Amino acid sequence: GGELQDVVISELKDHTYFARLRVKRDGELIKIDSRPSDSIAVAVTCDPALPIYVSEEVLNDVLGE
């Protein structure tokens, strides 16, 4: 009963990435924890494709900042 909004790669812990699929339902944004690979697969198969975002914290961890 909701509308898919986007995907956020939200965390990096012990070399493991975590993601959230965000869904809008009844004016509320619901965040669903998921594996990044599953979230990305959902995002690219939607028509139109969903935006995929990466948190600044994850980018900083990856870049070593």
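K13 and E11 form a salt bridge, with the closest N and O atoms 3.4 Å apart. The term covers a side-chain nitrogen of Lys or Arg within 4 Å of a carboxyl oxygen of Asp or Glu. The model is predicted: local features need pLDDT of at least 70, side-chain atom pairs count only at pLDDT 80 or more, and totals for chains, interfaces and linings use all residues. Residues are numbered from 1 along each chain as its sequence is written, and side-chain values use heavy atoms, with hydrogens and water left out.

**E11 and K13**

K13 is partly exposed, at 47% relative accessible area. E11 is partly exposed too, at 25%. Here buried means under 20% relative accessible area, exposed over 50%, and partly exposed in between (1.4 Å probe, protein chains only).

E11 sits in strand β1. Leaving aside residues up to four places away in sequence, E11 touches T16, Y17, F18, R20 and V58. Contact means heavy atoms within 4.5 Å. E11 and V54 are 43 residues apart in sequence, yet their C-alpha atoms are 8.7 Å apart in space.

**Salt bridges**

The structure holds four salt bridges. Three of them are tabulated here.

| Pair | Closest N and O atoms |
|---|---|
| D6 and R22 | 2.7 Å |
| D38 and R35 | 3.0 Å |
| K13 and E11 | 3.4 Å |

Side chains of opposite charge can pair when their charged atoms come close. D6 and R22 form a salt bridge at 2.7 Å. D6 lies in strand β1 and R22 in strand β2, so the pair ties together parts that are 16 residues apart in sequence. D6 is buried, at 7% relative accessible area. R22 is partly exposed, at 22%.

**Strand pairing**

Which residue of β2 stands opposite D6? That residue is R22, also the salt-bridge partner of D6. Strand β1 (residues 3-13) and strand β2 (residues 16-25) run antiparallel and are joined by nine bridges. Helices (H or I, at least four residues) and strands (E, at least two) are DSSP runs, numbered from the N terminus. Two strands pair if DSSP finds at least two bridges between them.

The hairpin of β1 and β2 has two residues between the strands, and D14 takes a positive phi near 50 degrees. Next comes β3 (residues 28-34), antiparallel to β2 and joined to it by seven bridges. K24 stands opposite L29 in β3. The hairpin of β2 and β3 also has two residues between its strands, and D26 in the turn has a positive phi of about 50 degrees.
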